[in-house]
Amino acid sequence: MLNVIAIGEVLIDFTPAGRTSGGNEQFECNPGGAPANVAAALSRLGAGSALIGKVGEDQFGSLLRDALLSSGVDVAGVSVTNEASTTLAFVHLDDQGDRSFSFFRKPGADTLLHSKDIPLDRIETCQALHFGSLSMTHEPARTATKTAVLKAKEAGVLLSFDPNIRFALWESKEEAKQYILWGMRHADILKISEEELYFITGSSDVEKGSLELQQQYDIALIVVTLAEKGCYYRLAGQDGYVRGFRVKPIDTTGAGDAFLGCLLYKILETGRSLDDLTDQQIIGMLTFANAGGAIVTTRKGALGSMPTIHEINRMIESNKPYEEERFRPGFHFTPPDHWANDPNGLVYYEGAYHLFYQHHPYGNQWGPMHWGHAVSEDLVRWEHAPIALFPDEHGAIFSGCCVVDWNNSSGLFENSHGLVAIFTHADTNPETGQPRQRQSLAYSDDKGQTWHKYDGNPVLAEDDLIDFRDPKVFWHSPSERWVMVIVAGDRARFYGSENLREWSFTGEFGSGEGSHDGVWECPDLFELPIDDTGRSKWVLIISIGDNPSCPEGSRTQYFIGEFDGNTFINDNPADHIMWLDYGRDNYAGVTWSDIPEQDGRRVIIGWMSNWKYANETPTGSWRGAMTLPRALSLTDKDGNVVLTQMPVREIERLRRESKSWKDVAVTPEVPFIQKTNEDLLEIEAVMDVRSGDEVQLVMKSSGQSEIIIGYDPVRQWLFIDRSKSGLIDFHPSFASRHGASLVAADSEIKLHIWLDRNAVEVYADNGLVAMTDQIFPDAPIESIKISAKSGQIILNSLQIHTLESIHQSGERSGHTSGRKDA
Ligand code: FRU
């Protein structure tokens with residue numbers, strides 16, 4: 001957990017709250033004080049934060065302690081005095097929500113903070129110390145603050161400083177300047193307003209003024225806040241402006257503190273030193289901080305108004321320009337920003353589905369892998385959570401899984417249960433210079449909120465194997481141990497363990513079996529019942545990487561057979577290949593662990609892209625989405641056991657309006673056409689194809705794009721044609737027509753289609769065939785047309801549902817205006 005200490009004033013802000021019926025001015029009693037606000041902002045984001053300060057032995061003092069405690073701030077360092085009252089500030093707001101202050105602090109308890117109140121041992125071990133100038137206006141707090149800062153400096157702790165000038169609290173402006181300059185001399189991070197910069201440097205040019213300060217005081221990062229315009233930053237060799245967010249402010253108190261709390265949070269989250277931050281990283285962090293600051297101004301008060309990560313991400317998403325967001329799906333999962341590939345660590349635990357994913361949080365192409373994280377109660381609406389796993393001394397965090405260690409077999413949970421992630425650490429072997437992939441553990445005892453890497457990492461290494469990755473672990477009751485299936489180039493290997501920490505090899509499968517068009521990746525292994533026969537089979541899922549000579553790119557196959565506790569035994573001949581999906585964009589799919597038995601479902605989700613072109617898709621501020629989560633079943637189809645899949649039933653909750661038709665005859669002259677001004681759609685069609693030629697369902701945009709789903713009864717072939725689907729030329733393999741064989745039983749085919757802004761998913765015959773494709777239409781879809789090439793098709797039944805978006809803020813402005821502009 002991140003660990004930040006703030007030192008300084010904690011006080012009550014009395015904010016105007018209208019007038020009494022008798023006409024007297026009323027004030028609201030809001031806990032505040034800049035350092036206290038920064039600590040509250042950090043703990044609201046999920047970081048560990050503590051305050052060092054002093055309150056009076058009075059009602060206001062206990063109110064402040066309570067407010068800090070309920071914001072999650074550690075108050076062990078907040079001492080109490082009976083020598084002065086708790087400091088009070090009366091805030092006067094003008095029409096813009098801007099403030100002036102009158103202080104009741106002659107003296108106030110906060111100025112009585114003494115050096116002996118400072119827990120120096122805690123300062124030495126924290127990650128950052130934040131301070132301001134107001135705890136240096138009077139002794140003994142002045143010396144106490146300086147003592148804390150000097151200790152932190154000596155221990156190499158990151159120092160953040162906000163001058164936060166209030167002239168009324170200083171003897172003179174000269175004295176204020178003297179101590180502010182002292183603060184700057186010690187700061188690594190300086191947050192300063194335009195007025196403050198002017199006061200210190202005499203320059204109203206933020207670029208010049210900040211350059212002067214940086215050169216004079218050697219401050220690694222200077223951020224000048226520019227109110228609603230955002231901020232300007234200067235970081236060794238880089239500088240620039242970061243746009244703010246337009247909101248309707250009602251009280252700007254605490255905005256700068258929220259900004260700083262958010263910035264510190266993001267800086268510490270990366271685990272990098274300030275000098276190593278790239279331009280892109282610092283811009284991302286400051287965007288986050290700008291959003292945090294903007295949110296606080298929309299609420300009264302400060303300490304209790306700090307934003308959550310979710311609120312900030314929502315604000316960022318809803319303010320992105322149209323071009324960056326037009327392909328952001330309405331009901332498929334996407335990362336808040338930047339790159340995502342494989343789903344990882346899928347686990348259900350204590351009421352929540354967790355989705356981790358391969359994530360490069362600072363770039364839109366594959367890069368140093370982290371585990372992004374999101375949580376959902378229904379597999380449909382996801383809340384973004386902080387990044388769960390960061391690269392470390394053993395390398396990047398590649399794919400893997402999570403299990404619930406119910407019986408603490410790992411010994412990591414002190415008589416309780418918790419989550420264990422088993423993943424691949426990827427780095428370079430220092431001896432051979434070759435890539436190295438080893439398996440490691442991380443665990444969480446707070447329902448996945450915070451993660452600790454296991455001290456004994458890596459737990460499984462095979463020196464001879466270069467490709468050795470993507471472990472999937474499950475509890476195997478018959479042998480009473482954990483089983484790991486993992487891939488090694490052209491095969492799957494199996495290991496067993498009693499405690500998740502020590503693994504022994506038990507068998508392998510796959511060399512010469514199934515498809516080897518690419519390297520084997522992302523395995524999964526589970527047992528499923530066959531229809532309701534009472535019998536069951538084991539399913540082994542294997543994704544295979546891109547091969548430049550295969551137009552299909554990366555895709556996923558599966559095997560049906562038995563698992564004897566040691567290895568997998570294929571039921572089918574070695575050359576029998578079964579594909580999970582016949583579209584181009586469903587890869588690295590794995591299933592959720594620990595879905596309760598009463599539910600009983602086996603739910604899979606895949607990465608909705610293809611290594612062939614994944615790094616080039618024209619998505620915008622993010623790149624990489626997940627497929628819909630799908631429930632898997634086994635069915636006996638003419639003597640062959642095969643997988644079927646359908647999106648989980650929870651998706652139905654997104655339906656808004658439904659229209660249905662029955663027994664509609666469609667001919668080349670009289671096609672079925674339905675106009676729509678909605679671009680999130682679900683279509684269910686049952687069609688009699690006995691007297692027609694090829695039938696086509698065409699989803700046409702208001703521009704030139706067409707996405708065609710067709711069925712050729714002669715070839716018995718179901719296909720998607722995305723060759724005119726909009727943006728296609730980012731890669732030569734993207735524009736294509738591809739499909740699967742499908743026999744129309746009784747001349748009837750049954751299609752179930754989900755259309756999102758960036759994808760189409762097609763299921764035929766209750767999920768016997770699935771096809772998932774990305775699309776990038778030039779404009780939103782405007783009509784659905786069903787037509788026959790010749791003869792007549794009967795639409796036995798047709799339903800079109802409009803769907804609502806999973807983004808709780810409703811539709812982003814970009815999409816709405818996009819539709820009008822189109
Ligand atoms: C599959 C994969 C995995 C690997 C991960 C790296 O898409 O190549 O084998 O662990 O992606 O991001």
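A polar contact is taken here as a pair of N or O atoms within 3.5 Å; within protein, one of the two must be able to donate a hydrogen and the other to accept it, and residues adjacent in sequence count only if both atoms are side-chain atoms. The model is predicted, so local features need pLDDT of at least 70 and side-chain atom pairs count only at pLDDT 80 or more, while totals for chains, interfaces and linings use all residues. Residues are numbered from 1 along each chain as its sequence is written, and side-chain values use heavy atoms, with hydrogens and water left out.

A polar side-chain atom of Gln358 lies 2.6 Å from an oxygen atom of the ligand. For Asp342, an N or O atom of the side chain is 2.7 Å from a ligand oxygen, and for Asp470 the corresponding distance is 2.5 Å. On its own the ligand has 320 Å² of accessible area (Shrake-Rupley method, 1.4 Å probe), and the protein covers 95% of this. In total, 13 residues surround the ligand, each with a heavy atom within 4 Å of it.

Attention now turns to Asn364, found in the loop between strand E15 (352-360) and strand E16 (370-376). A polar atom of the Asn364 side chain lies 2.9 Å from the backbone oxygen of Gly620. Leaving aside residues up to four places away in sequence, Asn364 touches His338, Trp339, Gly620, Ser621, Trp622 and Arg623, where contact means heavy atoms within 4.5 Å.

Notes
Helices (H or I, at least four residues) and strands (E, at least two) are DSSP runs, numbered from the N terminus.
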